Structure formats: structure tokens, C-alpha cells
Amino acid sequence: MNSTIPTSRRVQWPAVIVFVAVACALAWLVALPLWLGDGLAEPMSVFLLPVMMFTPAVAVLVVTFAMRVPARGERARFLGLWPLRPAKRVVWLMVAAWLVPPVLVALTVVVSAALGFVQLDLTFAGFAAELAKALPDGVPVPQVEIVVFAQIAMVPLGALFNSIFAFGEELGWRGWLVPALRPLGTWPALILSGAIWGLWHSPIILLGYNFGRTDITGVLFMVGGCVAWGVLLGWLRLRSASVWPAVIAHGSLNAAAGLIVLFAATQPDMALAGPLGVAAWIVIAVVILMLVLTGQFRKQPELADAPGRLLSPPRG
């Protein structure tokens with residue numbers, strides 16, 4: 001259905017504010033040992049970064065059970081966990097979510113090279129040099145072509161593994177927050193949720209994660225990347241009425257994020273050439289435009305709202 005949702009429905013802002021506050025506060029709390037230690041070089045980062053990904057899920061538990069948003073009886077439907085209907089659409093979108101993000105990341109590499117953001121080296125000499133630096137002294141460097149092939153071949157499997165951790169984020173961002181903001185309209189909900197998603201990364205972005213920038217510019221680039229990808233992940237959520245395609249797409253993006261490093265002659269500026277950088281914004285903008293022109297954002301099944309009622313999608 002595509003009729004206008006009743007005007008009596010409103011965003012439950014107290015729950016939204018509590019959700020964002022809890023998710024962000026917990027993210028800073030988890031990252032605190034990194035700030036007190038050696039930053040991203042802290043050995044605990046290998047453990048803490050995956051833990052941080054589950055802080056939005058904890059925030060969902062708080063607003064769901066403490067504030068009862070959504071109400072009992074329709075929580076699984078509101079969060080997009082169940083039922084998976086229409087099954088055929090959900091399955092196909094899950095397949096697309098698994099396979100398409102690596103293609104978009106690969107196109108980002110091409111666009112980055114075309115715009116001069118990165119110089120490609122198909123002999124993989126740059127990657128071989130970085131690989132040699134990462135290995136202990138005396139350990140021979142394996143044949144770089146084999147390593148590159150293995151890295152690319154592992155992306156589909158890595159996407160599924162990464163989806164386990166991506167679930168912690170997606171249950172919050174696309175599972176709870178996008179439907180909670182949906183009364184604002186499709187585009188405001190997608191853009192605002194993407195911006196919040198980007199700001200949530202601040203504790204590690206300010207340590208140099210992703211972009212190597214430890215000031216506000218790193219946070220702004222992260223917000224831009226999360227808004228861009230957030231529109232696509234949010235579209236998967238709204239088009240399928242399920243959170244699972246967004247979970248898989250997030251895991252697939254994380255698995256493919258390092259492709260640029262394989263092909264770059266030197267260490268690229270990830271704010272320009274990375275999967276969350278400017279080149280990716282261009283690629284994703286083209287994809288979003290195609291979805292808009294084909295009417296894909298207008299085709300949204302009913303979702304459950306916070307009180308548990310089935311409501312048609314809003315216009316806009």
C-alpha cells in the first residue's frame with residue numbers, strides 16, 4: 001500500500017533521544033580504554049571495536065523494554081526481525097545485499113582512479129610493500145598475486161561473517177531508528193538516521209579510524225559516508241520490511257572495504273578514495289538516482305509503528 005499515513009502518528013522523540021544517547025554514550029564508554037591507552041594501536045582494540053558495534057542493539061533493548069517503544073506484541077515486526085514477508089522479495093534483496101556492495105566498492109576504486117584520487121598498480125607492488133612491513137622480520141613475503149586473489153575470493157564469505165557483528169548496529173539503525181523516524185517522511189528518516197549513524201562513530205574516528213584524521217573533518221567525512229550508505233541500507237529495510245537485507249549489506253560492505261588497498265600504488269587518502277569517501281558518494285548517488293527514477297522508494301510495504309499498528313508508508 002502507498003496511501004498517506006495518518007497525521008495523528010508522530011515520532012516518539014523521547015524514545016529517539018534516549019536511544020541515541022544510550023548508543024552514543026555506550027560507544028564512548030567502550031572506546032574509553034583506547035583513549036586512555038595507545039589509541040587504535042591498543043591491543044584491546046581488536047576486542048573493543050566489535051563490542052562497540054553492539055551498543056546500538058543495547059540501546060534498542062533499553063527503549064523497547066524500559067520505554068515500551070514499540071509496544072509488546074509487535075516488537076519483532078517493528079524491528080524487522082519477523083515475519084519475512086513477502087518471502088520472495090526479502091530473499092532476493094538479501095542476495096542483492098550480499099553481492100552488490102563489493103561491486104559498488106570496486107566501482108569506487110575505478111572512480112577514484114578516474115578522478116585522480118588514487119594511482120592504481122595492477123602489479124600490486126604497493127600492496128606487496130605494505131604486506132612486507134606487516135610481517136615479522138625474517139618471514140618471507142608470499143606471492144602477492146595469490147594473496148590478492150585470496151583476499152578477493154574471501155569477500156563473499158567475509159560478508160556473512162561480518163554480518164554477525166553488523167547485526168548489532170543494524171538492529172539499532174535500520175531495525176529501530178529508521179521506522180521510529182519514518183513519520184517524518186522517507187527521505188528525512190533516511191538522512192537523519194544516517195547522520196546519527198555517522199556521529200556515533202566519533203569515538204574511533206577521532207582516533208584516526210577509517211580516514212586517518214583525528215579532527216572534526218574525519219567525523220564529517222564519516223557522516224557523509226554513513227548518510228550515503230545509510231540511504232541504500234535504509235531503502236533495503238523499507239523495501240523489504242525486514243532488517244536482514246540491511247544486516248547482510250552492512251557485513252558485505254565491511255568485508256569489501258579494504259579492496260582499495262590492494263590496487264593502490266601508495267597509501268590512498270581514504271576520505272577521497274575509500275568506500276566511505278567522496279568517490280563512494282558519487283557511485284552511491286548514481287545508484288540512488290536510478291532507484292528514484294524507477295520508483296523504488298515509492299514501493300514500500302506496510303511496517304508496524306511503535307504502538308504496534310500496521311501503517312502504510314508516508315509520502316516524501
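This is a predicted model: local features need pLDDT of at least 70, side-chain atom pairs count only at pLDDT 80 or more; totals for chains, interfaces and linings use all residues.

Q: Let's start with the whole thing. How many helices and strands are there in the protein?

A: The protein has 15 helices and 2 strands. Its C-alpha atoms fill a box of roughly 65 × 45 × 30 Å along the principal axes.

Q: What radius of gyration would a compact globule with 316 residues have?

A: Near 20 Å, and the protein has 20 Å, so the two agree. As for the inside, buried residues make up 49% of the 316 residues.

Q: Okay, next up: salt bridges. What's the idea?

A: Side chains of opposite charge can pair when their charged atoms come close. Searching the whole structure turns up 4 salt bridges. One of them joins Glu130 and Lys133, whose closest N and O atoms are 3.6 Å apart.

Q: Where do Glu130 and Lys133 sit along their helix?

A: They're both in helix α6 (residues 125-134), 3 residues apart, so about one helical turn separates them. Glu130 is partly exposed because its relative accessibility is 33%, between the 20% and 50% cut-offs. Lys133 has 65%, so this one is exposed.

Q: Now Arg174 and Glu170. How far apart are their closest N and O atoms?

A: That salt bridge has them 2.7 Å apart. The two residues are 4 apart in helix α8, so again you go about one helical turn from one to the other.

Q: And is Arg174 buried or exposed?

A: Buried: its relative accessible area is 0%, and buried means under 20%. Glu170 counts as buried too, with 0% relative accessibility. Arg174 has another neighbour to look at: it lies over the face of Trp197, at 4.2 Å from the ring centre.

Q: Which residue forms a salt bridge with Asp269?

A: That's Arg213, with the closest N and O atoms 3.1 Å apart. This pair links distant parts of the chain, 56 residues apart. Asp269 is in the loop between α13 (259-263) and α14 (270-273), while Arg213 is in the loop between α10 (202-205) and α11 (216-240). Asp269 is partly exposed at 29% relative accessible area, and Arg213 is partly exposed at 25%.

Q: On to aromatic rings. How do I read a ring pair?

A: Check the distance between the ring centres, then the angle between the planes; over 60 degrees counts as edge-to-face. The count here comes to 11 aromatic pairs. In one of them, Phe161 and Phe165, the ring centres are 5.5 Å apart and the planes are at 70 degrees, so the pair is edge-to-face.

Q: Which helix holds Phe161 and Phe165?

A: Both are in helix α8 (residues 155-181), 4 residues apart, or about one turn of the helix. Phe165 is partly exposed, with 24% relative accessible area. Ring pairs can also link up into a group: Phe19, Trp173, Trp176 and Trp200 form a cluster that way.

Q: What separates Val58 and Phe165 in sequence and in space?

A: They are 107 residues apart in sequence, and 13 Å apart in space from C-alpha to C-alpha. Val58 is in helix α3 (residues 55-66), and at 37% relative accessibility it is partly exposed.

Q: Last one! Which residues make the nonpolar surface patch of about 550 Å²?

A: Trp28, Leu29, Leu32, Trp35 and Leu36 make that patch. Take Leu29 as an example: it lies in helix α1 (residues 13-36), and it counts as exposed, with 55% relative accessibility.

How values were computed:
Residues are numbered from 1 along each chain as its sequence is written. Side-chain values use heavy atoms; hydrogens and water are left out. Rings of Phe, Tyr and Trp (its six-membered ring) pair if their centres lie within 6.5 Å; planes under 30 degrees apart count as stacked, over 60 as edge-to-face and the rest as tilted. Buried means under 20% relative accessible area, exposed over 50%, partly exposed in between (1.4 Å probe, protein chains only). A charge sits over a ring if NZ of Lys or CZ of Arg is within 6 Å of the ring centre and within 35 degrees of the ring normal. Patches are made of residues with over 30% relative accessible area and no salt bridge: like charges are joined within 9 Å, nonpolar side chains (Val, Leu, Ile, Met, Phe, Trp, Tyr) within 5 Å. Accessible areas come from the Shrake-Rupley method with a 1.4 Å probe; for residues, only the protein chains shown count as cover. A salt bridge is a side-chain nitrogen of Lys or Arg within 4 Å of a carboxyl oxygen of Asp or Glu. The radius of gyration is taken over C-alpha atoms; the globule rule is 2.2 Å times the number of residues to the power 0.38.
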